[in-house]
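Here is a short briefing on the structure shown below. The points are grouped by topic.

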Amino acid sequence: MKRLTPEEEQKILHECITHKRCEKLSRQYWNLIYKTVEKTFIFKNAPLVREEIEEVHQDVFVQLFDDDCRRLRQYREGGGRNLAGWVILIANRTALNHLRGKDPHGILGRQYLILFEDIKQEFDIRREVNRLEARQKLLKILDTTDQLPTLERLVFKLHYVYELSLAEIASHLDKEIGNIYTIKSRAIKHLKELVED
Amino acid sequence: MKSECMDLETLTAYIDGCLQDKEKDAVEKHLADCDECLEEFVIANSLLNDSGLTEYESAPLNVIRTALQEVREKIKKKISDWMMELSPPPWILGHDISPVRSDAASPVPSILVKKDINEFHTEMYFEKAGDKKARVWIRVLRGNQNAKNVSLTLIRDDGVPFARFLKREYVIFDRQSFGSYHLNVEQNPLENTSSAQSAPYLFEVNSEGFYEK
């Protein structure tokens, strides 16, 4: 199926919301929703069980058509986002809610895991000969991030927890890359001071 | 996700760069504080920039039709929010007012729903009764008269049935947990000469309000 023009999007939306004829919209986004759910599962390191993905796939359609198509009625053109983008965001949230319902501590586990691998060099943790001491230092760094100003905390987490490059962070936060580099350097400096204190 | 977490429209507006500076600062503060929203923000950006997701393959029409039929069975429509200022309907006033109503200074969230179920006009009055529970009064009319010899069966989604026989003006189902229900309103089978099959009324009551399915 081809990518829809804004006029075509409005037409299938109107058919669905006003006349409750949702077949065209479902056909258009059927596989897009399936793939979005699958990729959210992959991002969360969740096992790719076909029946479970199909269950969430169906839940996304329930979200789209529930309460008189409330979610579809919320769609607003603009900001470069087309209807497919809105559908992707709804599918992502539905899949995340499903996975979080099963494993409420999934995010915490991921944070510790990545931090352990990536931040050792910046804080010279290799000097700690004792693994327990190294672990305690990492945990202290994590706890201390709460004391950073908002943007430093945000950039720190995006870079060290989610492994985004500075260019990606700049794009996501709609800021200059030089600005992000400065914020990140300031965050590291502040954290080192706080940890040493 | 925290109770004050961002709705999807705000997250989308932030990603699209459509927020004013003040709103943008508030979103960034929330993202810095809330690990769940930050995770959603990161994955959302990754998906929206994923060229593999721009393909619009479809599935066979018969597969979609079957799936849509299953989806329709799960869809619900909001009929009412919980109301703070709603008075109990006259037909229960002076009768079985909930114990929590004894403190007149603190109004109890409540909902009134009127619905035709099979050949009966049914009125359901819900009052919140503790955590995720409600007390339900149901009155059934036939024409303009109170219906007689009618049985009401409330079946929760876990299959537990609660049955009452309408002997006076209304019946009460006390401390019903929030969730999905089927309500069957039927003439006493011994008196029911109609050949028509009675259809249950499907609804959900939760902390947000009352939904019809």
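**Sheet in chain B**

In chain B, six strands make an open sheet, ordered β1-β11-β10-β9-β6-β7, with antiparallel pairing. From one strand to the next, the twist averages 25°. The model is predicted.

**A strand pair**

- Strands β9 (residues 179–187) and β10 (residues 201–206) of chain B run antiparallel and are joined by five bridges.
- B:Leu183 sits opposite B:Tyr201 in β10(B).

**Interface of chains B and A**

- The contact involves 51 residues of chain B and 57 residues of chain A.
- About 5300 Å² is buried between the two chains, and carbon and sulfur atoms give 59% of that area.
- The rule finds 12 salt bridges across the interface of chain B and chain A.
- One of the salt bridges links B:Glu40 to A:Arg93, with the closest N and O atoms 2.9 Å apart.
- Between chain B and chain A, 17 residue pairs are in polar contact, counting pairs with both residues at pLDDT 80 or more.
- On the side of chain B that touches chain A, two or more residues each come from α1 (8–15), α2 (21–33), α3 (35–48), α4 (61–74) and β1 of chain B.
- α3(B) gives the most to that side, with 12 residues.

**B:Ile111**

- B:Ile111 lies in strand β2 (residues 110–117) of chain B.
- B:Ile111 counts as buried because its relative accessible area is 0%, and the cut-off is under 20%.
- Leaving aside residues up to four places away in sequence, B:Ile111 touches residues including B:Trp82, B:Leu86, B:Tyr125 and B:Phe210.

How values were computed
Residues are numbered from 1 along each chain as its sequence is written. Chains are lettered from A and ligands numbered from 1 in the order in which they are written. This is a predicted model: local features need pLDDT of at least 70, side-chain atom pairs count only at pLDDT 80 or more; totals for chains, interfaces and linings use all residues. Side-chain values use heavy atoms; hydrogens and water are left out. Helices (H or I, at least four residues) and strands (E, at least two) are DSSP runs, numbered from the N terminus. Buried means under 20% relative accessible area, exposed over 50%, partly exposed in between (1.4 Å probe, protein chains only). Contact means heavy atoms within 4.5 Å. Two strands pair if DSSP finds at least two bridges between them. Axes are lines fitted to C-alpha atoms, for helices over the stretch in contact, and angles run from 0 to 180 degrees between N-to-C directions. Buried area is the accessible area (1.4 Å probe) that two parts lose on being put together, summed over both. A salt bridge is a side-chain nitrogen of Lys or Arg within 4 Å of a carboxyl oxygen of Asp or Glu. A polar contact is a pair of N or O atoms within 3.5 Å; within protein, one must be able to donate a hydrogen and the other to accept it, and residues adjacent in sequence count only if both atoms are side-chain atoms.
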